[in-house]
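Let's take a friendly walk through one protein model together. Have a look at the structure first, and then read on.

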Amino acid sequence: MNLSQPQTQPLLELRALSSEQIGPLALSLDSGELVTISGPSGAGKSLLLRAICDLDEHHGQVLLAGRERITYPPSQWRRKVAYLPADPAWWEDSVGPHLGDTSDSLLKGLGFTPEVREWTVERLSSGERQRLALARLLGNQPQVLLLDEPTANLDLANAERIEALVKSYLQEHQAAALWVSHDAEQLRRLQARTLHIVDGKLLASEVAESA
Ligand SMILES: Nc1ncnc2c1ncn2[C@@H]1O[C@H](COP(=O)(O)OP(=O)(O)OP(=O)(O)O)[C@@H](O)[C@H]1O
């Protein structure tokens, strides 16, 4: 063992993660780190996120701060390692019950006043749905965010607002995020290590150049 170089434990680690469509994949994310994922439609980006949060059958190991996922009750894992699907589900008529512990300041950061809790889900635009789904996800204070095209329905100003909010969340909570995006401009703006996935395989990893 090399004692001169202290080992830092990754926050999230994938070891030989695979399913019928993806992998095997190995990946480590440090606390505070944002990693973006790009790749063609159907490459397996969503399936990778779903495997990490244990929504689909797969092989291999997923560890959070060195502790294996199988040692967590599934509901606890999904709070800690939170998945934001491209089209999040809503199960009540009004917004409020979905928001749980989400603070007013978080809602403000996403461009809403507290009155949004009284709104019906039915009236929400696709962009409002997307921002509120992120609010409810962050309200649970997850340690890892798995974000599947979280700004796909948003204009540039709102997309940038979400980019800034997620980055400050990662710093504040020493959390990590995997962020799927098809938008080359956004990938450049986010200034993160980018993974390219093609046919379920990790093709390359690179650090984005300055815009
Ligand atoms: N339950 C399933 N059983 C079999 N194949 C599936 C299943 N779910 C998805 N697939 C297939 O696996 C491939 C990867 O799907 P995935 O949703 O991960 O793609 P993606 O990279 O997220 O694409 P997009 O950018 O279009 O959202 C696709 O060909 C898809 O049809």
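This is a predicted model: local features need pLDDT of at least 70, side-chain atom pairs count only at pLDDT 80 or more; totals for chains, interfaces and linings use all residues.

**A covered strand**

Start with strand β3, which spans residues 34-38. Is this strand mostly covered or mostly uncovered? It is mostly covered, since five of its five residues are buried. You can check this on both faces: Leu-34, Thr-36 and Ser-38 lie on one side of β3, Val-35 and Ile-37 lie on the other, and all of them are buried.

Which strands pair with β3, and in what sense? The table shows two partners.

| Partner of β3 | Residues | Sense | Bridges |
|---|---|---|---|
| Strand β8 | residues 176-180 | parallel | four bridges |
| Strand β9 | residues 193-198 | parallel | four bridges |

To find these pairings on your screen, look for Val-35, which stands opposite Leu-178 in β8. Then move to Ile-37, whose bridge partner in β9 is Leu-195.

**Two helices side by side**

Now turn to helix α5 (residues 126-139) and helix α6 (residues 156-173), which pack with their axes 12 Å apart. The angle of their packing is about 10 degrees. Angles under 35 degrees count as roughly parallel, and α5 and α6 are therefore roughly parallel to each other.

Which residues make the contact? From α5 come Arg-131, Leu-134 and Leu-138, while α6 brings Asn-158, Ile-162, Leu-165, Val-166 and Tyr-169.

Notes. Residues are numbered from 1 along each chain as its sequence is written. Side-chain values use heavy atoms; hydrogens and water are left out. Axes are lines fitted to C-alpha atoms, for helices over the stretch in contact, and angles run from 0 to 180 degrees between N-to-C directions. Angles under 35 degrees count as roughly parallel, over 145 as roughly antiparallel, 65 to 115 as roughly perpendicular and the rest as oblique. Contact means heavy atoms within 4.5 Å. Buried means under 20% relative accessible area, exposed over 50%, partly exposed in between (1.4 Å probe, protein chains only). Two strands pair if DSSP finds at least two bridges between them.
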